[in-house]
Amino acid sequence: MKPWGELDDPRRRILIQALAAGFFSSAGNAAAQLFGRAPGKLPAGQSIYRVAGRVTVNSQEATLQTRIMPGDTVETAPNAEVIFAVAEEAFLLRGGSRMVIEKPPSGLTTALRLVTGKILSVVGGARTKRIITATSTIGVRGTGVYTETDPEQTYFCTCYGVADIAANNDPSSRETVTATHHDKPLYILAKGKAGASIRRAPFINHTDQELALIESLVGRTPPFVFPMDIYNAPRRDYP
């Protein structure tokens with residue numbers, strides 16, 4: 001497994017640089033040439049904004065025409081990436097990941113199971129949604145969040161909004177984070193000491209530009225303003 005904190009493949013760096021160059025403003029035509037269409041709310045009936053490398057939905061190779069619905073399983077090969085939306089939620093799923101969008105009786109998305117890998121997510125509305133990993137169960141509402149998981153630990157950043165975080169193997173390790181701008185990234189451990197399975201973490205592997213991109217796919221903007229320059233970290237220090 002690649003060490004956490006290391007940048008992903010060149011496709012991600014191209015995306016960050018393009019967004020930082022101002023492709024949410026007057027350079028929309030250039031964005032469309034690079035990504036297939038300028039950032040903005042996806043048309044009705046379209047799920048995928050961008051797919052790079054081998055990506056499958058329910059074991060079938062995905063294209064820009066593939067619909068993604070509650071109940072589907074989305075997987076990315078190493079160095080692949082897919083950016084998509086389901087209802088009022090949008091996602092950037094990085095390479096080497098497998099996620100299951102659970103299908104509740106209402107047909108709305110209420111739970112995301114990240115089996116392995118890395119995902120940036122934005123969730124709208126007042127209803128609490130769950131993100132489930134091997135080591136954690138997290139309730140989120142009105143949030144942008146970033147998650148990385150493997151069998152030993154989960155990295156979780158509440159970029160903005162509210163998250164209720166619990167360690168699966170240690171019911172006494174629970175924490176609620178209310179964040180405005182990446183205020184308290186955390187690790188949730190599989191084998192932590194009782195009451196200490198959640199600990200502080202650094203800021204890694206996601207940017208405000210990426211959050212702005214996926215929020216735009218569902219017609220929203222992040223609740224903060226950032227300069228349109230090369231910007232890969234929050235404006236604060238973390239212990």
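This is a predicted model: local features need pLDDT of at least 70, side-chain atom pairs count only at pLDDT 80 or more; totals for chains, interfaces and linings use all residues.
N205 lies in the loop between β14 (198–200) and α3 (208–216). Most residues other than glycine have a negative phi. N205 is also buried, because its relative accessibility is 6% and the limit for buried is under 20%.

A second residue with a positive phi is A87, where the angle is about 55 degrees although the residue is not a glycine. A87 belongs to the loop between β5 (81–86) and β6 (89–93). Its relative accessibility is 60%, and since exposed means over 50%, A87 counts as exposed.

A44 and A87 are 43 residues apart in sequence, and their C-alpha atoms are 10.0 Å apart in space. A44 is exposed, with a relative accessible area of 84%.

R127 sits in the loop between β8 (111–123) and β9 (129–132). With a relative accessible area of 44%, R127 is partly exposed, because this value falls between the 20% and 50% limits.

The strands come next. Strand β2 (residues 55–57) and strand β4 (residues 73–76) run antiparallel and are joined by three bridges. Within this pairing, V57 has V74 of β4 as its bridge partner. β4 also pairs with strand β7 (residues 98–102), again in the antiparallel sense and over three bridges. Here T73 stands opposite V100 in β7.

To return to I165, its contacts, not counting residues up to four places away in sequence, include T137, I138, F156, L186, I188 and I198. I165 also touches S173, R174, E175 and V177.

How many cavities of 30 Å³ or more does a search of the whole structure find? The search finds one. The largest cavity has a volume of about 60 Å³. Twelve residues line it, and E89, L112, V123, K129 and I131 are the ones nearest its centre. β6, β8 and β9 each supply at least two residues of this lining. β8 gives the most, with four residues.

One of the lining residues, K129, deserves a separate look. K129 lies in strand β9. Is K129 buried or exposed? At 6% relative accessibility K129 counts as buried, because the limit is under 20%. The side chain of K129 reaches the backbone oxygen of G124 at 3.5 Å.

Note on methods
Residues are numbered from 1 along each chain as its sequence is written. Side-chain values use heavy atoms; hydrogens and water are left out. Two strands pair if DSSP finds at least two bridges between them. Buried means under 20% relative accessible area, exposed over 50%, partly exposed in between (1.4 Å probe, protein chains only). Contact means heavy atoms within 4.5 Å. A polar contact is a pair of N or O atoms within 3.5 Å; within protein, one must be able to donate a hydrogen and the other to accept it, and residues adjacent in sequence count only if both atoms are side-chain atoms. On a 1 Å grid over the protein atoms alone, a cavity is a set of points where a 1.4 Å probe fits but cannot get out, and a pocket is an open set with protein on both sides within 12 Å along at least five of seven lines; lining residues have an atom within 4 Å of a point. Grid points are joined across faces, edges and corners, and a volume is the space filled by probe spheres set on the points.
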